[in-house]
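The sequence and structure are shown first.

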Amino acid sequence: MRHENREDPVLETLVITANHHDIKVNLHLTVDGVLVSGTIISAKEYLMECGKRFEKNEDDEAKLLSQKFYEASKGAGDHKAAAYIHLKNVQIKGNQVPPSSYWRCRIEDVSGFVIGN
């Protein structure tokens, strides 16, 4: 059963700080009973990395998509609130994820977290 206003103010503060000051903190998150580990990054860095991945593709649609990610990165995370958390070097317990994976999740879907290695 989902509850209204499930966001964790401490986790939201970590996300806002990462967005504004580009800090890197290792986190272990519980999302729907699954352990997700990685390093928190800013929304801007996440969007820039998504743009780079599509930029490598030769077709016009991928280049347009890359451009859209780059445009979205301008001003990303400038808000005083945060709805999403972004991680890099993600590991998901029980699943194989490429080591350079980037991950995005709604903060309200995180049920618990641990800071550190």
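A residue is called buried when its relative accessible area is under 20%, exposed when it is over 50%, and partly exposed in between. The model discussed here is a predicted one.

**Aromatic pair**

By this scale Phe-54, at 31% relative accessibility, counts as partly exposed. The structure holds one aromatic pair. Because the ring centres of Phe-54 and Phe-69 are 5.7 Å apart and their planes meet at 10°, the pair is stacked. Phe-54 belongs to helix α2 and Phe-69 to helix α3, so the pair ties together parts that lie 15 residues apart in sequence.

**Salt bridges**

Five salt bridges are found in a search of the whole structure.

| Acidic residue | Basic residue | N to O distance |
| Glu-45 | Lys-88 | 3.8 Å |
| Glu-49 | Lys-52 | 3.2 Å |
| Asp-109 | Arg-106 | 2.8 Å |

The side chains of Glu-45 and Lys-88 meet in a salt bridge. This pair links distant parts of the chain, with Glu-45 in helix α2 and Lys-88 in strand β3, 43 residues apart. Glu-45 has a relative accessible area of 17% and is therefore buried. Together with Lys-24, the residues Glu-45 and Lys-88 are linked in a network of salt bridges.

What is the accessibility class of Glu-49, and what is that of Lys-52? Glu-49 counts as buried, at 18% relative accessibility, whereas Lys-52 is partly exposed, with a relative accessible area of 37%.

Arg-106 has a relative accessible area of 38% and is partly exposed.

**Surface charge**

Where on the structure does negative charge gather in a patch? Glu-58, Asp-59, Asp-60 and Glu-61 form such a patch on the surface. Glu-58 is located in the loop between α2 (43-55) and α3 (60-73). With 64% relative accessibility, Glu-58 counts as exposed.

**Backbone features**

Asp-32 has a positive phi of about 50°, although it is not a glycine. The position of Asp-32 is in the loop between β1 (25-31) and β2 (34-41). Asp-32 is exposed, since its relative accessible area is 65%.

Asn-89, also a residue other than glycine, has a positive phi near 50°. Asn-89 is found in strand β3, which covers residues 84-92. The relative accessible area of Asn-89 is 42%, so this residue is partly exposed.

Arg-104 is part of strand β4, residues 102-106. With a relative accessible area of 38%, Arg-104 is partly exposed. How far apart are Arg-104 and Ile-40 in sequence and in space? They are separated by 64 residues in sequence, and their C-alpha to C-alpha distance is 9.9 Å.

Note on methods: Residues numbered from 1 in each chain as written. Predicted model: local features only at pLDDT ≥ 70, side-chain atom pairs only at ≥ 80, totals over all residues. Heavy atoms only, no water. Patch = residues over 30% accessible without salt bridge, like charges linked within 9 Å, V, L, I, M, F, W, Y side chains within 5 Å. Areas by Shrake-Rupley, 256 points an atom, 1.4 Å probe, with all protein chains shown as cover. Salt bridge = Lys/Arg side-chain N within 4 Å of Asp/Glu carboxyl O. Lys, Arg positive; Asp, Glu negative; His and termini not counted. Charge placed at Lys NZ, Arg CZ, Asp CG, Glu CD. Helix = DSSP H or I, 4+ residues; strand = E, 2+ residues; numbered from the N terminus. Buried < 20%, exposed > 50% of the residue type's maximum accessible area, 1.4 Å probe, protein only. Phe/Tyr/Trp six-rings, centres within 6.5 Å; stacked < 30°, edge-to-face > 60°.
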